[in-house]
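I am opening my notebook to look up how this chain is put together, and I will write each entry in whole sentences.

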Amino acid sequence: MFDKALQFYLNNFAFQGMTNLVLVVVTLYLTTVILLGPKKKQPEDDVHPLFGRYTRLIPNILSLLRFPLGLWLFCVHYFDALHNPLANFSFHLAFALVCIMDNLDGKFARKWHAVTEDGKALDPAADKWVTFCLAVTAYLYGDFRWWGVAIIFGREIISMLQRIRLKRRGEDVSAQWMGKIKAGVQFTVLYIFLLRVDILPGTIILEVIAQAFPDNMMLWATILLCFCTVISLFPFFRSFSYVNAFSQSQRQESNKAWYIVLIPNFFTLGNYLCGVTAVFFAMPEVEVQHRSFVVLFWVLSAALCDAVDGPIARKLKAHSDFGASLDSSTDLSTFGLATAVIIYLRFSELKGALSHLGIVLAIVYFLYVHLRLAYFTKLAEQKEDQSIKGDFVGMPSPTGAVAVLVAFTFFENIYLLSCSIVLISLLMYSKLDFISHSNSLKHKLYKYFQIPALLIGFGMLLALIFLQPFVSSHFSRELIVYFHLCSWLLAVPITIYILDALYRTYWPAIPWGRSKPTS
């Protein structure tokens, strides 16, 4: 009877997959219920009814257990003797336990007052170990890119050294919200890569879904992982504190329902994903026509998301300090890091080889965006009344990113492009008075020309890019004319915006209805 049931389990993939999936879900549910325990009778209770006097050790034990589980994820693929359905199931179960333990150790520690300094160090260390195991396995046995592995290893080594340095200073080195998001994205993307590997016989149903993803989607996911990895490193450096640490604002936190507060954050997340998509289309291995214009479209989409998330938050009264910090980190990612990577990729493509000039310009541009955002945050913290929206000191980083990519649609000469990028970088960290979005609606020049021209240019780009695969070959040769028209519709308002900033800064005595620059 048992032999027949086992044969049916091994030969029927659908039954095997559903059985494995149910077993994993049930195991996770029971683990959660047992570990967290019943509802506490008194808030000050710090003894788990099951673990008794060992309660304070449980979070650290959960972190330590993730080390052998992470190693097992690699061993299942490495040893031929483990290439069987049972080991396949153990791989998925081990990964699920790693994820749930990563979530439960902190919850358990907070619920039962078991937070320790050792636990603060063990938790990120366990995350790093599991990430190493997943990344190496996905690279050796899957199609995960080598540069993804290099970025993960580089980030973890630098963060480890910084943790040691900060701990010696007596500063907090516990995992922050951005590090947790990074770990979640890394685990998810690397797990999907491993689901696409055909080494292990057996199934958990999810393999079929993962293998249906096209290669380009996995490349996009790799870029997403790399950006989360790199951005999460910056808060370890004091000058990038605005990315991770959000200070208490002078306004009270929104009392709206959580789903209302999330609405503006969805636009902020859209900003981030548009930046990742722009880098994806800038990759030379991605086949796309009119690459410069496609990349420009996605960065412009990110800029529009960035322009509306704040007004939506104010309109819904759904502002939060976390949302403000998320917006700063997203701006650095999209308009700083992503645009810098695009500069390097485009210069290398124009040169036909590795461009050292592109690397230098990308670094210079990124540093000026960082200086711009740090200065913006400093001025915002000094504002006495948060409800008053002043103008910008220096060109906003979204405008700078769009201006750089517009330059790529006009020039192919690397020296003209270099001068444009340096000039735009200097404008972002200048003392020029650039009018803000909200104040621009009060001026006829912006209300009736600048903003409509930008929206028309964006709309034309949207139509041309998404209709391009469906047009005839004859018309496709003429598309470049319409694409350049879009460039002019964007370049002219940006040029006027810069000239207006010069006018408002150096001829302020002439009435123009200017408001006090604050950020």
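This is a predicted model: local features need pLDDT of at least 70, side-chain atom pairs count only at pLDDT 80 or more; totals for chains, interfaces and linings use all residues.

Residues are numbered from 1 along each chain as its sequence is written, and side-chain values use heavy atoms, with hydrogens and water left out.

Whole chain. I looked up the elements and found 20 helices and two strands, which are DSSP runs numbered from the N terminus (helices are H or I with at least four residues, strands are E with at least two). Of the 519 residues, 48% count as buried, where buried means under 20% relative accessible area with a 1.4 Å probe, protein chains only.

Core. Of its 127 residues, F144, L332, I343, Y365 and L461 touch the most other members, and helix α4 (residues 85-111) gives the largest share, 13 residues. Leaving out residues up to four places away in sequence, I343 touches G358, L361, A362, Y365, V404, F408 and I421, a contact being heavy atoms within 4.5 Å.

Helix α9. I checked that 12 of the 17 residues of α9 are buried, including M218, L219 and F227. At 1.5 Å a residue, α9 (residues 215-231) should span 24 Å, and its end C-alpha atoms are 25 Å apart, which agrees; the expected span is 1.5 Å times one less than the number of residues.

Terms used. A nonpolar core is a set of buried Ala, Val, Leu, Ile, Met, Phe, Trp, Tyr and Cys residues joined through side-chain atoms within 4.5 Å. Buried means under 20% relative accessible area, exposed over 50%, partly exposed in between (1.4 Å probe, protein chains only).
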